[in-house]
Protein chains: 6
Amino acid sequence: MKLLVVNPNTTASMTAKIGRAAEAVARAGTQIIATQPRSGPASIQGFHDVANSLHGLLEVAERHPDVDAVVVACFDDTGVDALRCMFDGPVIGIGEAAFHAASMVSCRFSVVTTLSRSLPGLRDNLERYGLSRRCASIRATDVPVLQLESDGAGAEALIAAEIGDAVERDGADAIVLGCAGMADLNDRLSRRFGLPVIDGVSCAVTMVEALVAAGLSTSKAGGYTNAARGRLAHEQETAPDAQGQARSAAT
Amino acid sequence: MKLLVVNPNTTASMTAKIGRAAEAVARAGTQIIATQPRSGPASIQGFHDVANSLHGLLEVAERHPDVDAVVVACFDDTGVDALRCMFDGPVIGIGEAAFHAASMVSCRFSVVTTLSRSLPGLRDNLERYGLSRRCASIRATDVPVLQLESDGAGAEALIAAEIGDAVERDGADAIVLGCAGMADLNDRLSRRFGLPVIDGVSCAVTMVEALVAAGLSTSKAGGYTNAARGRLAHEQETAPDAQGQARSAAT
Amino acid sequence: MKLLVVNPNTTASMTAKIGRAAEAVARAGTQIIATQPRSGPASIQGFHDVANSLHGLLEVAERHPDVDAVVVACFDDTGVDALRCMFDGPVIGIGEAAFHAASMVSCRFSVVTTLSRSLPGLRDNLERYGLSRRCASIRATDVPVLQLESDGAGAEALIAAEIGDAVERDGADAIVLGCAGMADLNDRLSRRFGLPVIDGVSCAVTMVEALVAAGLSTSKAGGYTNAARGRLAHEQETAPDAQGQARSAAT
Amino acid sequence: MKLLVVNPNTTASMTAKIGRAAEAVARAGTQIIATQPRSGPASIQGFHDVANSLHGLLEVAERHPDVDAVVVACFDDTGVDALRCMFDGPVIGIGEAAFHAASMVSCRFSVVTTLSRSLPGLRDNLERYGLSRRCASIRATDVPVLQLESDGAGAEALIAAEIGDAVERDGADAIVLGCAGMADLNDRLSRRFGLPVIDGVSCAVTMVEALVAAGLSTSKAGGYTNAARGRLAHEQETAPDAQGQARSAAT
Amino acid sequence: MKLLVVNPNTTASMTAKIGRAAEAVARAGTQIIATQPRSGPASIQGFHDVANSLHGLLEVAERHPDVDAVVVACFDDTGVDALRCMFDGPVIGIGEAAFHAASMVSCRFSVVTTLSRSLPGLRDNLERYGLSRRCASIRATDVPVLQLESDGAGAEALIAAEIGDAVERDGADAIVLGCAGMADLNDRLSRRFGLPVIDGVSCAVTMVEALVAAGLSTSKAGGYTNAARGRLAHEQETAPDAQGQARSAAT
Amino acid sequence: MKLLVVNPNTTASMTAKIGRAAEAVARAGTQIIATQPRSGPASIQGFHDVANSLHGLLEVAERHPDVDAVVVACFDDTGVDALRCMFDGPVIGIGEAAFHAASMVSCRFSVVTTLSRSLPGLRDNLERYGLSRRCASIRATDVPVLQLESDGAGAEALIAAEIGDAVERDGADAIVLGCAGMADLNDRLSRRFGLPVIDGVSCAVTMVEALVAAGLSTSKAGGYTNAARGRLAHEQETAPDAQGQARSAAT
């Protein structure tokens with residue numbers, strides 16, 4: 001099967017790391033296409049970056065209409081609902097994959113993520129998925145995403161400190177790492193703390209493979225009905241009168 | 001005060017209708033700037049349209065950095081969280097405005113919207129706002145948004161039928177009209193059914209005025225910290241290595 | 001419009017403070033009638049005071065049948081549901097107004113109120129409104145309401161300490177002041193902490209004006225059907241046999 | 001033990017019926033004091049009646065300071081929280097007693113009550129108690145409370161119809177009768193439908209006896225701290241300046 | 001009435017303690033049959049013990065088909081749903097009895113139990129009953145159940161420390177003791193802390209008596225339809241082909 | 001990897017069908033051990049059967065200590081929590097696997113199961129997993145489990161009727177088949193209705209493979225700490241005094 005793994009930000013070193021994490025767990029017969037948008041934010045931290053990345057993400061999706069499944073490799077699950085309208089095969093975000101996996105190997109998990117400004121979006125997602133009940137806490141290290149690329153050791157120490165607190169104070173018995181840029185840390189931290197430390201990329205890749213193996217595809221009978229494909233939306237959907245404005249003052 | 005009222009789709013007749021609804025209720029001192037993106041979907045129906053409209057919506061926001069408040073005139077509250085990162089003044093979506101208003105004038109409201117494919121997104125929003133507890137039902141007429149422009153009478157009959165069912169079967173004592181394109185129907189339907197039939201545009205305009213009058217602005221201490229302004233994100237935030245891809249096969 | 005602003009306790013200095021806060025934000029055309037019951041508790045702190053204040057509150061409402069809207073200036077939203085049965089115009093409590101406003105300018109708010117004994121009632125209200133999801137914490141200063149009148153500076157220091165903890169420990173990005181008697185503190189505290197510190201009186205006044213401007217009135221189609229007006233209930237509704245008791249022993 | 005059973009409305013025939021239902025299930029050593037307020041609404045249907053009955057209810061409570069436990073015999077659980085501040089012994093409402101009992105003898109119960117206007121208050125109560133999860137539906141017969149006194153047979157037929165629908169359509173396996181005035185119907189309806197049809201009065205009496213037998217009293221460590229006793233609140237708590245008004249216009 | 005009080009573990013000293021606690025509060029006419037399984041775990045701590053105790057518990061139930069009511073004296077409410085399928089009379093677990101009682105005498109209760117590994121099961125139960133809303137916290141002393149038998153004083157000190165924290169930090173105004181083995185501590189701890197400290201055994205016994213006195217029995221119209229009785233299930237329900245296995249490899 | 005797939009009932013034809021469904025989707029390197037208990041109920045329908053099957057299920061687990069992962073092939077997820085205490089590898093129930101899968105390929109799923117008496121247990125599970133938010137409805141065909149074996153065609157017609165209603169009336173866009181005995185129907189029904197019709201066995205097998213491939217095992221840091229292994233609990237854990245009873249009367 002062809003599996004599109006999209007990093008919705010434009011930092012190639014993260015895309016490479018995500019690609020390696022995906023390759024490491026994928027089945028032999030899975031062809032991983034790890035890629036990223038041509039333009040957009042260099043990292044996705046908070047609501048504005050999420051919105052700002054969608055244009056590039058949709059363009060990537062439009063360039064790969066024939067893949068069998070898609071993983072969105074951003075912990076905010078950016079654009080997953082929109083992509084489900086574009087593909088027949090399953091589409092999974094690494095955030096939801098990690099939450100679902102954690103629900104099946106632990107009683108209560110905590111999330112350790114990067115910046116505090118990302119917490120409200122993650123809380124919203126957990127509520128939407130229904131899995132907030134299984135989440136003991138969401139903790140931010142306040143390490144920016146790109147610092148994971150430049151100062152891995154310093155970042156890891158801060159992440160470990162939050163994991164310790166999540167276990168000790170919040171009663172978590174599993175940890176979800178809340179950023180695709182942490183995809184190389186889970187094994188070491190898992191051994192160190194003696195409990196599952198879960199990376200979303202590997203969960204999303206193996207889970208989307210599982211859905212395909214179980215014969216499942218995205219439902220087209222509800223909110224994910226097919227959007228038209230093969231065109232760049234902003235070029236062709238514009239109504240003839242779109243330049244007009246209801247009121248000219250000060251625009 | 002200067003109030004930006006953005007219709008996130010590109011249908012100018014809807015922008016005009018929204019502008020009229022806004023003007024009809026705004027305070028004398030409020031300058032309404034009703035506008036729309038230069039490109040993007042002609043209507044916003046479901047997850048793909050929402051994602052697809054954000055690029056244009058952010059561009060509109062970037063062109064109006066000096067307004068005192070913003071109303072997003074799409075019932076899905078498209079991009080409201082992102083815009084809150086861009087403005088100091090309050091930003092409200094017409095969906096949330098209508099839900100909050102309905103919560104204060106009724107015991108349980110129902111939403112009557114256009115296409116079924118929009119229901120999951122509205123359910124998600126109600127859950128995120130916490131107001132699903134006050135919502136008796138969400139009903140779709142399966143009238144497409146743009147048909148409200150072309151066949152108003154036919155659409156109104158279908159909307160009225162759903163309102164009748166919402167009152168009779170679901171126990172609603174107020175109705176929220178789930179589309180900016182219905183902004184001219186609420187008065188007539190309210191008289192007909194003898195209960196509040198609520199249009200989001202008028203609620204959002206008067207509520208955002210209320211927040212400004214009460215001296216409130218958007219918090220910058222949590223998830224809405226300021227995004228950088230004055231630049232088009234996709235032009236300037238691209239990292240130098242962004243064209244690279246982690247794996248070249250078949251992209 | 002005529003706006004009745006009722007302080008449901010009998011402390012005139014609080015009524016005066018509430019009246020000033022209301023006047024400060026009301027539209028030019030709004031006539032504020034700030035008043036209070038003739039009898040009842042001097043402050044409303046906890047379940048017994050709430051129940052004990054209702055007789056006086058209903059009497060005030062019966063004396064003002066012709067107002068266009070009502071604000072109940074007690075943070076417990078005492079009697080709001082009952083008053084909605086008595087008026088066609090909108091009726092808002094300052095607690096709910098502040099919660100709704102906070103939901104639109106922040107991701108998660110904390111409430112800082114007076115006595116611990118008021119917390120369970122506030123929790124119940126947040127649950128009823130559906131907005132507990134947006135509330136990070138409710139904190140009590142254990143400053144009695146009337147001490148706000150007599151020792152403003154001491155009270156303010158304790159309130160500020162709780163605000164600091166709400167931001168630091170609970171992750172709040174906005175604060176709701178949980179007492180009508182704090183209506184003169186929000187501006188100063190907002191500047192000090194750099195985030196919205198929200199007073200319910202100003203929110204309720206401007207929001208009820210917004211509802212009126214949007215053409216909304218209280219639904220009479222559900223739980224708020226009109227109670228009979230113009231009579232004092234306890235004088236006229238008593239059934240002929242009301243003095244009797246089913247069993248005489250020891251009453 | 002002395003058990004105060006208060007009917008918060010002023011209809012003596014209901015008080016008598018409630019007294020009989022209480023006597024029928026009480027332990028031999030329990031002295032039932034079934035009584036009612038001297039003034040207030042003749043029945044309690046909806047938010048306005050609830051608020052309007054509280055003054056009389058508090059007066060009844062103040063006249064019986066030395067009872068060991070209290071049952072509030074109104075299905076809305078009117079004033080239960082306030083009375084818990086006045087008594088050391090346990091205080092139970094017949095609504096909550098029936099909900100808790102139903103939770104222990106069935107999987108999902110439905111409530112069949114009188115007027116539709118009472119539904120929102122019951123929904124709020126179930127949410128506050130946390131028991132809405134166990135409630136399949138709340139149905140109104142639209143039989144006014146006092147018609148239960150005058151036309152028992154007609155009322156019973158309508159109640160039976162709703163019970164049938166609750167079982168058939170809503171999947172209820174127990175029914176809670178939602179009015180103290182139905183306290184003579186549960187046995188017959190239970191036999192007819194072959195499932196528990198639960199009367200709140202008998203549940204509340206036996207449950208409050210159970211709490212006393214288990215040695216439990218109302219906690220005074222949280223929201224139910226003691227209110228001062230032995231005084232009629234509206235006579236003595238009025239502040240000296242209470243007649244003043246912050247603004248004289250038009251009051 | 002005949003009341004079966006089953007301790008689902010095999011420690012006779014706990015059964016004796018439970019029997020004494022039951023006798024101490026039961027009505028004069030109640031005949032207590034305190035008993036335990038012939039085999040199974042010596043204490044019930046966590047999911048494995050719960051599952052492992054069910055065989056013995058069902059056997060005990062099958063040996064007592066003619067009792068009027070049943071109390072399951074394990075705080076996990078082990079097997080309560082299954083036993084409700086076997087008896088017409090009411091069946092209550094000591095956990096649920098304590099939660100319901102606490103809900104009626106306090107605003108928010110905390111649970112203090114033995115081992116941390118029991119917390120997830122208790123959380124699940126509170127969620128199932130709907131009462132998690134009323135629970136401020138669940139705290140573990142990490143005192144094993146059987147140590148309550150051997151080192152009462154040491155255990156009591158640790159329990160008292162957790163109670164102090166529950167009141168101080170979590171805002172509890174009542175405490176539920178989360179183990180049948182603590183049934184001799186509640187009175188002393190209640191006096192020491194000045195708030196209700198609730199033992200499940202005494203609540204369950206008096207509450208099940210209350211349900212019987214109110215004329216209630218277990219509904220057979222939903223999930224608790226009668227299981228066949230009078231036979232040991234594993235002896236007679238085995239299908240003829242049950243020894244076979246779909247695949248022989250490595251079993 | 002060695003994958004234990006346990007059918008917790010004793011009907012060999014169901015074990016065979018489950019084994020075939022598992023083999024059909026498993027990876028080449030997965031060795032499926034499909035088996036069943038030696039004794040216990042012939043089908044699992046409702047709370048009593050669940051409890052009654054646990055003894056046999058634990059015995060099966062004890063006989064296979066060296067498997068890499070476990071699937072419990074009963075839609076009630078019988079004993080999954082207990083088995084997680086016995087194995088280091090992941091353990092999944094077919095109910096939860098199907099719910100998680102449905103959450104990733106649809107907006108809202110409905111469950112179609114066998115007998116009504118199973119509904120309360122499924123509702124409890126959905127609540128525990130947190131996924132009730134994503135569930136539109138649970139419907140029972142009232143076809144007993146074993147009739148699926150004897151009268152497949154008749155059963156399929158009833159299942160199809162419920163699927164039709166779930167889509168039409170409840171707004172489901174995916175269906176979960178609520179019984180291991182339906183594991184041969186999903187493909188045909190999926191094509192017929194044009195939406196995902198999900199079988200739990202194939203989901204559980206591929207998902208547990210996914211968890212193993214992602215390097216995850218069951219957390220031993222919380223509620224799933226290791227239970228002692230290698231002994232039949234009821235033989236060895238019995239305390240010396242276990243035959244005693246606190247009171248001899250009538251046992």
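Visitor: How many salt bridges are there over all chains?
Guide: A search of the whole structure turns up 95. A salt bridge here means a side-chain nitrogen of Lys or Arg within 4 Å of a carboxyl oxygen of Asp or Glu. Keep in mind that this is a predicted model: local features need pLDDT of at least 70, side-chain atom pairs count only at pLDDT 80 or more, and totals for chains, interfaces and linings use all residues. Residues are numbered from 1 along each chain as its sequence is written, chains are lettered from A and ligands numbered from 1 in the order in which they are written, and side-chain values use heavy atoms, with hydrogens and water left out.

Visitor: Why would two side chains pair up like that?
Guide: Side chains of opposite charge can pair when their charged atoms come close.

Visitor: OK, which side chain does B:Asp170 meet in a salt bridge?
Guide: That's B:Arg139, at 2.8 Å from N to O. B:Asp170 sits in helix α7 (residues 152-170) of chain B and B:Arg139 in strand β6 (residues 135-140) of chain B, so the pair ties together parts 31 residues apart in sequence. Helices (H or I, at least four residues) and strands (E, at least two) are DSSP runs, numbered from the N terminus.

Visitor: And is B:Arg139 buried or exposed?
Guide: Buried, with a relative accessible area of 16%. Buried means under 20% relative accessible area, exposed over 50%, and partly exposed in between (1.4 Å probe, protein chains only).

Visitor: What about chain E, which residue does E:Arg139 bridge to?
Guide: E:Asp165, at 3.8 Å from N to O. E:Asp165 is in helix α7 (residues 152-170) and E:Arg139 in strand β6 (residues 135-140) of chain E, so this pair joins parts 26 residues apart in sequence. E:Asp165 counts as partly exposed at 23%, while E:Arg139 is buried at 16%.

Visitor: Which residues are linked in a network of salt bridges?
Guide: A:Asp81, A:Arg84, A:Glu96, A:Arg128, B:Asp124, B:Glu127 and F:Arg133.

Visitor: New topic: where does E:Phe75 lie?
Guide: In the loop between β3 (69-72) and α3 (80-84) of chain E. E:Phe75 is buried, with a relative accessible area of 3%.

Visitor: So what is E:Phe75 in contact with, leaving aside its neighbours within four places in sequence?
Guide: Its contacts (heavy atoms within 4.5 Å) include E:Ile94, E:Phe99, E:Leu122 and E:Cys179. Also, E:Phe75 and E:Ala180 are 105 residues apart in sequence but 6.2 Å apart in space, C-alpha to C-alpha.
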